[in-house]
Amino acid sequence: MSTVTNATKKTLLLQDGFKKIKVFLLIMRYSRQEIFIGSRKQKLLRKATVTIVGCGGTGSVAAEYLARAGVNLHLIDRDIIEMSDLQRQLYREEDMGKPKALALKERLEDVNSEIRIAAYPDDLNASNIEHYLSGSSLVLDGSDNMQTRFLLNDFCMKNKLPFTYAAAIKSEALFTLIMPCETPCLRCFIPNSDETDTCETAGVLGPAVGAIGIISAAEAIKYLTTSGLNIKGHILHMNFYKNIYELIELKKSKNCPSCRGEYEFLDKPSRRIMQLCGGTYQFLFGKDISVSDIVNNLGKNPDFKIINKSRDFVQLSYKKHMISLFKTRMIVQNAKNEKDVRVLTAKIIGI
Ligand SMILES: [Zn+2]
């Protein structure tokens with residue numbers, strides 16, 4: 001006599017049906033892309049890992065399209081989400097105060113649970129760049145400053161790792177893919193890091209940073225699948241207010257230190273206190289601290305109020321300051337100057 005009841009049979013049939021539907025949905029996920037690029041190239045995307053340095057307007061948009069395309073991602077960003085970011089970066093009001101790398105990982109895991117996403121809410125510098133970038137198939141520039149870009153340039157040139165340069169200000173945007181040994185590098189056409197205008201001082205249109213985010217993702221897909229013609233050896237210049245869309249040829253510079261094998265930015269020690277923008281400063285501890293021990297100590301002081309908290313991160317308010325505390329560093333908002341930051345660090349960490 002069979003021990004399988006009708007109810008069990010129905011359950012088994014349903015489970016089988018769900019499995020088939022799930023397999024069908026998995027096949028469907030990349031179907032529109034696969035029709036165009038082919039299943040062999042789709043497999044190349046699934047094996048690749050792209051590291052995105054800076055998860056702002058360009059980085060968050062590039063990450064969104066690459067996650068949807070099935071590419072594994074490493075996300076690096078040192079910043080906290082602020083109200084002024086929402087005009088051009090893919091975050092929500094409820095994300096304010098969270099580290100960008102963690103908020104973006106959370107968002108993209110809801111978009112594609114099949115890929116691997118690692119988030120590093122950290123300051124990228126000469127002491128940790130090897131740890132964060134090794135193993136990347138390609139590095140995408142989503143940063144907002146030339147110091148980080150020159151560091152990326154030196155690391156990628158030394159390790160023969162392809163990387164992008166993407167920058168936008170006002171209604172203008174630039175993009176290129178740099179292939180070490182093949183194309184001019186970043187320092188061939190931008191020799192020094194004298195920064196004048198920034199998004200904070202000159203402003204920027206959301207679509208300008210978004211457009212180069214999408215172009216970064218498209219160029220990454222083309223490079224990873226060895227398809228199409230990459231924008232390499234040329235820089236794409238766009239001005240959305242003047243309807244300019246042009247490719248300008250780049251030339252190697254005889255005086256470029258990086259092309260000569262001199263990687264000076266890999267030897268530059270990080271500054272302990274650094275102004276990130278406006279009244280926002282970063283303080284690097286130079287050692288690991290226990291965030292939970294610090295929070296326990298501060299809990300006794302009613303002037304400190306906890307706003308956000310996770311395993312290795314806590315955000316506190318203290319008087320007019322917002323303080324974001326990580327294992328290796330802290331970010332202070334609304335500080336007047338470096339002295340202000342030092343006083344706060346001494347009060348909180350005791351260093
Ligand atoms: Zn060069």
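Predicted model: local features only at pLDDT ≥ 70, side-chain atom pairs only at ≥ 80, totals over all residues.
User: Why is A335 called buried?

Analyst: A residue is buried if 20 or more other C-beta atoms, placed from the backbone, lie within 10 Å of its own, exposed if 12 or fewer, and partly exposed in between. A335 has 24 other C-beta atoms within 10 Å, so A335 is buried.

User: Where does A335 lie, and which residues is A335 in contact with beyond its neighbours within four places in sequence?

Analyst: A335 lies in the loop between β14 (329-333) and α12 (338-348). Helices (H or I, at least four residues) and strands (E, at least two) are DSSP runs, numbered from the N terminus. Contact needs C-beta atoms, placed from the backbone, within 7 Å. Leaving aside those neighbours, A335 is in contact with G279, Y281, H321, D340 and V341.

User: What makes E130 exposed?

Analyst: E130 has 12 C-beta neighbours inside 10 Å, so E130 counts as exposed. E130 lies in helix α6 (residues 129-133). The C-alpha atoms of E130 and L266 are 9.8 Å apart in space, and the two residues are 136 apart in sequence.

User: Why are α4 and α5 described as roughly parallel?

Analyst: The axes of α4 (residues 57-69) and α5 (residues 100-111) come within 10 Å and cross at roughly 25°. Axes are lines fitted to C-alpha atoms, for helices over the stretch in contact, and angles run from 0 to 180 degrees between N-to-C directions. Angles under 35 degrees count as roughly parallel, over 145 as roughly antiparallel, 65 to 115 as roughly perpendicular and the rest as oblique. α4 and α5 are therefore roughly parallel to each other.

User: Which residues make the contact between α4 and α5?

Analyst: S60, A63, E64, A67 and R68 come from α4, and L104, L108 and V111 from α5. By class, the contact has five nonpolar, one polar and two charged residues. Ala, Val, Leu, Ile, Met, Phe, Trp, Tyr, Cys and Pro count as nonpolar, Asp, Glu, Lys and Arg as charged, and the others, Gly among them, as polar.

User: How is the chain divided into domains?

Analyst: An automatic or database domain assignment supplies the bounds. Domain 1 covers 31-266 and domain 2 covers 273-348. Their centres, taken over C-alpha atoms, are separated by 29 Å. The contact takes ten residues from domain 1 and 14 residues from domain 2.

Note on methods. Residues numbered from 1 in each chain as written. Contact = placed C-beta atoms within 7 Å.
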